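Please examine the model shown below. The questions that follow concern selected local features.

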Amino acid sequence: MTNSNQKSSYSQSGEDLIIKFIFDALGINKPSYIDIGAYHPEILSNTALFYQNGSRGLNIEANPQLITNFIDLRNEDINLNIGIGETTEKLDFYVISVPTLSTFSETEAKLYTENEKYKIEETIPIETYTVNHVINHYLDGHFPDFLSLDVEGFDLLILRSIDYEKSYPLVICVETISFSETGEGIKNLEIINFLESKGYLKYADTYINTIFVKANVWLNQKITNYDFDQKNKIITHAISHQVDHNLIYQLELAKQQITAMESSKFWKLRKIWFKLKSFLKSDHNQEQDSFVKIESQASSKLEEVNLEQVNLIPVQVGTINEQPRNQWIEKQLGQIPAGLRLLDAGCGEQQYRKFCQHLTYVGQDFDSYHGEGDLKGLQMGSWDQSNIDIISDITLIPQPDQSFDVILCSEVFEHLPDPLSALKEFERLLIPGGKLILTAPFCSLTHFSPYHFYSGFNRYFYETNLSKYGFEILEIDINGNFFEYVAQELRRVNYVGQRYANYDFSDQDHSTIYQSLCLLDTINQQQKDSEELLCFGYHILAVKK
């Protein structure tokens, strides 16, 4: 049994490992990089593996809420809170409820919000620059070896704006599939054709992203001393020079964010400002005199803000329940050999079908919940269970013994009157050596009622009962902890107070909730082992003996 979060790949579909293979073949051990639309320094990152291995580069993220993670975790990179476009101008940035979908493209934003699952949470004016300006200003005109690009609708525009005659990346990884909830996105052949016209070879495709390598370099399998050694010395020097003066950049960033704050109803600056204040007190005494004026101007801007008129944006604690679970499930499904037969037991809306294209997928559900239930507790409103393969009781699935290689059962057990009978049925349906991928909450509010029979399951439930029904646990992955869970429920106070107490929350009430979230975030960064008290849930990988 293991409980390890060690990762060999940080990318969405292993792109970083493919790209590493390319650079290893070219003899480039520490490629420089530019990550446009970087999102997070580690999660779904195409450059985290290279940073971990000693490479350095430049990260560009337009969302002010996300750039602070790079300042914390990639402090030896250049990290810019700007946009990349055709010209230097200020453009509206649409912050979508799922941060990975945020975009400068109004068309893309409207497309996402046609689905009621997504909404535009805020529109922020952000300064944009051309990619050539960034390369010239920060990297002395030398394009890094690797370009990672994911900017939701602006990818082709950015690729066309690069001055390929002057300097260019050796390897490009770009998203080439259109957004689709059903996994039926359309390939952007215009991007592929354009890069091929610029002398790039389509080396690999992971369905979501396509990886290109400069054809003449790859076919020759070598690079001249100037192409690599000299260029990377220049880039490394430029990066280290920028990092040495990182305080100047961070203060300039603070000024930009204060300007954005003045035109927004949301207060985004709080967290980064306190980090800057702390940074100002560190060992940079020789530079501080030159920053006094900037700091004074920024402070006076903060003092001008009427806090009672500002709707605070909470910190991240308590917002990542579903994402780690989905990533863990996607990883497990991706490791299953192609062609095997998988049962998604209690499949609901079959959200994991898209990760099973290489498998024979069979979805089963009892098909009695359709979004509203008995109108008590938390309900979905709508629930699409069309195209389910098997409609039956989960404890009596009409399939032969030992007819499945893998069974997936995610967030279902709390909705079963008799989950142990479901385990018994899974044992019957699986072949010897077959895998069981199982997740359920440790604690949950009433939802999908009247089909909600348990609030959750402790790890001891799995350790005791799986062995009784012929399974051996291979892995227990813990999702969240005490402070993450408390923060998650604190975020519901507004909704619950209005619904069940008809309470009208004041600005002071919202400020109190925000301060509480800040406290939980601070404690959460120092916590150790609080998951033994409370967490979101457990992810179990087991094998039939």
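Q: Which side chain of opposite charge is nearest to Glu531, and how far away is it?

A: This is a predicted model, in which local features need pLDDT of at least 70 and side-chain atom pairs count only at pLDDT 80 or more, whereas totals for chains, interfaces and linings use all residues. Residues are numbered from 1 along each chain as its sequence is written, and side-chain values use heavy atoms, with hydrogens and water left out. Glu531 is buried (under 20% relative accessible area, 1.4 Å probe, protein chains only) and has no salt bridge (a side-chain nitrogen of Lys or Arg within 4 Å of a carboxyl oxygen of Asp or Glu). With Lys and Arg counted as positive, Asp and Glu as negative, and His and the chain ends not counted, the nearest side chain of opposite charge is Arg459, 7.6 Å away.

Q: Which residues does Glu531 touch, not counting residues up to four places away in sequence?

A: Glu531 lies in the loop between helix H19 (507-524) and strand S19 (537-544); helices (H or I, at least four residues) and strands (E, at least two) are DSSP runs, numbered from the N terminus. With contact taken as heavy atoms within 4.5 Å, Glu531 touches Ile478, Gly480, Asn481, Phe482 and Tyr538.

Q: What arc do the buried residues of helix H5 cover?

A: In H5 (residues 131-139), the buried residues are Val131, Val134, Ile135, Tyr138 and Leu139. They lie on the same side of H5 because, judged by the directions from the helix axis to the C-beta atoms, they cover an arc of only 95°.

Definitions and conventions:
Buried < 20%, exposed > 50% of the residue type's maximum accessible area, 1.4 Å probe, protein only.
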